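Today I will talk about charged side chains and who pairs with whom. Please have the sequence and the structure in view.

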Amino acid sequence: PKTPKPHVYVIEIKFKGHEYKHIQMVDSAGVKSRAASVAMKRIMKECKDMNAKKQMFVYAQPLDDEPFQWHFTIKGPPDTEYNGGIYHGSITLPYEYPMKPPYIIFFTPSGRFEIKEKICLSFTNYHPEYWQPAWTIQNILVALVSFFPVNEDQLAIGALRATKKEREFFAKESPQWTCDICQKSNGEIAQESMLEVTEAAVKEL
């Protein structure tokens, strides 16, 4: 006989004006999976922390109807060919988050990473052996910014080679790029939800 599939129960949770789906999975023996519940609590905390204090280089929020799917906006590092660039993408969290790492996809062309392809870095699902549950989405995004100017001898999955001129062109065009889901341009998101970059912050990056 076929093994019964787990039942999925969806509980609506309102948080900061949004309604999120709290997913509870129940196996055939009626035993609840705690993974999604733990993940949801962590996601709600990170969402609250992200809204509590604006950052200069990074911003992210879960989608209104899917808390395991976040959209992020990051700024390119100053004093590099990415200066002035604002890049948008998504972070998909597993139901086992934060015990397992997310995967990351870029939507805005940068000349550094492929668009609409999962990228391979030490804090993504390509390297679960390096993942630390203490890492947060904000930590991940700050690390992602620092990876932009790194020149790789051997390109990782999702990485690109491009000329300095090409990357400068993408950086110049990127603030006008608009996400169909967020319905805002990168420049609008940065203006509304991120701080202006200061010289002191650049030194700390």
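Start with glutamate 81, which makes a salt bridge with arginine 167, the closest N and O atoms being 3.5 Å apart. Glutamate 81 sits in the loop between β5 (66-75) and β6 (86-92) and arginine 167 in helix α3, so this pair ties together parts that are 86 residues apart in sequence. Helices (H or I, at least four residues) and strands (E, at least two) are DSSP runs, numbered from the N terminus. A salt bridge here is a side-chain nitrogen of Lys or Arg within 4 Å of a carboxyl oxygen of Asp or Glu. By that rule there are 5 salt bridges.

Before going on, some housekeeping. This is a predicted model, where local features need pLDDT of at least 70 and side-chain atom pairs count only at pLDDT 80 or more, while totals for chains, interfaces and linings use all residues. Residues are numbered from 1 along each chain as its sequence is written, and side-chain values use heavy atoms, with hydrogens and water left out.

Are glutamate 81 and arginine 167 buried or exposed? Both are buried, meaning under 20% relative accessible area, with exposed over 50% and partly exposed in between (1.4 Å probe, protein chains only).

Next, arginine 42 and glutamate 46 form a salt bridge at 2.7 Å, N to O. Both lie in helix α1 (residues 35-52), 4 residues apart, about one turn of the helix. Arginine 42 and glutamate 46 are buried too.

Last, lysine 184 and glutamate 192 meet in a salt bridge of 2.6 Å, N to O. Lysine 184 counts as partly exposed because its relative accessibility is 33%; glutamate 192, at 42%, also counts as partly exposed.
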